[in-house]
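The briefing after it is meant for a reader who is new to protein models.

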Amino acid sequence: MDDDWICGRFGEDEPWTLGAVNPPVFDNSVFTFGSAVELGEAIRNEDERYVYWRGTNPTVDLLQRKLAALERAERAKCFGSGMGAISATISSLVSAGDHVLVLGAVYGPTTQFLRYLEKFGVTHDHAVDLDACDSAIRPNTRLLYFESPSYMRYEIFDLAVVTGWARERGLVTVMDNTWSTPIFQKPLTLGVDLVVHSLSKYAGGHSDVVGGVVAGPSRLIRPLALTEYQLYGAAMSPHDAAKVIKGLRTLPVRMAAHQERGLAVAGFLAGHPAVRRVNHPGLPSHPGHDIALGQMSGFSSLFSFELATESRDEVSTFLDGLRHFRIGVSWGGFESLVNAPALTTEESVRATMGIPVGLVRLSVGLEPADTLIKDLGGALDGIG
Ligand code: PLP
């Protein structure tokens, strides 16, 4: 949205910044008080008051307020990683005996975390669409968790329809919005209850920070900030918050550049004979393209394509044939990266997500699209 650029300025002209062009980093772990009564009062409200770094820190708090403004949320809580945010959020919403529905493919460790919760009596089921959700829902289902676009496959779910379905059945919805960033999609405005992000991707933007956030209404954020944030201890450091604060300043500009390069590369791959299919919701040929246009204002540059092969060796040869793309996990930084789940993901997780052997994931960085296209063309010729 046009006014998102101000989040680079949001909160930075408050008196405590003393006019500094970059907000100061509060590098202290402890805050003191004039009396024991004041300290006690602050501890009871440690989600908002500065007592100890593991609770709230002014630099982290500034980032939280910026992210809440971007997501149009009442409040946001930052964590030491995306998984810190995801595990704390899910934990805060379920109790022993509850059931979680997972719609579509989600980040592998999120599924692993749900499996881990089984030892505490929390069960889950995966469903490919709302019809499957209708079959899988149980009287004890409490939460619907999903990503849109979905993980690795980049399927689009209609957020208004999904949240309407969940609301009618009394479920809380949690959506991972890392792919789009709040620049291109604001799920809370479309009925989602809580949004989680890894800030380690586009938000940070320079592959130099790991962080996470959950954003939503105070009634859901406050309990998890006072309990799971404090007890799991996945606190964000003020130095990491300062890096993400800088990342947010350029986020709208970077996302526009990522979008342009990502679409150019996806278009090239879609026309190549060695490619079976390209999973990029910004391509008009993508089955969810029209829905995406209705709920997103742009497309990031993480997508996958399927090599016309069932051979892991051939996928490996393709990756090794790339000269410019670097082989590695993660995404959303300056540098273009490539990864292939058949070579790197636990087999059972790959199968659960329905990911074909020939699927290759690209994170298109900020290098010129021509350079990237030439690199991919050369590696495709190498397996042709
Ligand atoms: N969500 C998605 C979609 C991700 O791709 C990742 C990490 O790759 C995460 C969450 C977890 O984030 P983090 O690595 O910051 O814990």
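What follows is a short briefing, grouped by topic.

This is a predicted model, in which local features need pLDDT of at least 70 and side-chain atom pairs count only at pLDDT 80 or more, while totals for chains, interfaces and linings use all residues. Residues are numbered from 1 along each chain as its sequence is written, and side-chain values use heavy atoms, with hydrogens and water left out.

**The ligand and its surroundings**

- There are 15 residues around the ligand, and those that come nearest are Gly82, Asp176, Ser198, Ser200 and Lys201; a residue is near a molecule if one of its heavy atoms lies within 4 Å of it.
- Sorted by class, this shell has six nonpolar, six polar and three charged residues, where Ala, Val, Leu, Ile, Met, Phe, Trp, Tyr, Cys and Pro count as nonpolar, Asp, Glu, Lys and Arg as charged, and the others, Gly among them, as polar.
- Helix α3, which covers residues 82-93, gives the most to the shell around the ligand, namely three residues; helices (H or I, at least four residues) and strands (E, at least two) are DSSP runs, numbered from the N terminus.
- The ligand takes up the space of the largest pocket, and a pocket is found on a 1 Å grid over the protein atoms alone, as an open set of points where a 1.4 Å probe fits, with protein on both sides within 12 Å along at least five of seven lines.
- A molecule sits in such a pocket if more than half of its atoms lie within 2 Å of its grid points.

- An oxygen atom of the ligand lies 2.8 Å from a polar side-chain atom of lysine 201, and a polar side-chain atom of tryptophan 331 lies 3.1 Å from an oxygen atom of the ligand.
- On its own the ligand has 390 Å² of accessible area, of which the protein covers 89%; accessible areas come from the Shrake-Rupley method with a 1.4 Å probe, and for residues only the protein chains shown count as cover.

**Residues in loops**

- Threonine 56 is placed in the loop between α1 (36-44) and α2 (58-71), and a polar atom of its side chain lies 2.7 Å from the backbone oxygen of glutamate 46.
- Threonine 56 counts as buried because its relative accessibility is 2%; buried means under 20% relative accessible area, exposed over 50%, and partly exposed in between, with a 1.4 Å probe and protein chains only.
- Serine 148 and proline 149 are joined by a cis peptide bond, with omega at about 0°, and proline 149 has its place in the loop between β4 (141-147) and α6 (159-168).
- Tyrosine 154 is also found in the loop between β4 and α6, where its phi is near 60°, a positive value in a residue other than glycine, and at 1% relative accessibility tyrosine 154 counts as buried.
- Arginine 72, in the loop between α2 and β1 (75-79), has a positive phi of about 60° although it is not a glycine, and with a relative accessible area of 34% arginine 72 is partly exposed.

**Sequence separation and distance in space**

- Valine 172, in strand β5 (residues 172-176), is buried, with a relative accessible area of 11%, and valine 172 and valine 192 are 20 residues apart in sequence and 8.2 Å apart in space, C-alpha to C-alpha.
- Aspartate 240 belongs to helix α10 (residues 238-270) and is partly exposed at a relative accessible area of 23%; between aspartate 240 and glycine 82 there are 158 residues of separation in sequence and 13 Å in space, taken C-alpha to C-alpha.
- Leucine 293, in helix α11 (residues 289-295), counts as partly exposed at 48% relative accessibility, and the C-alpha atoms of leucine 293 and glutamine 230, which are 63 residues apart along the chain, are separated by 39 Å.

How values were computed:
Polar contact = N/O pair within 3.5 Å; in protein donor to acceptor, adjacent residues only side chain to side chain. 1 Å grid on protein atoms, 1.4 Å probe; cavity = no way out; pocket = protein on both sides within 12 Å on 5 of 7 lines; lining within 4 Å.
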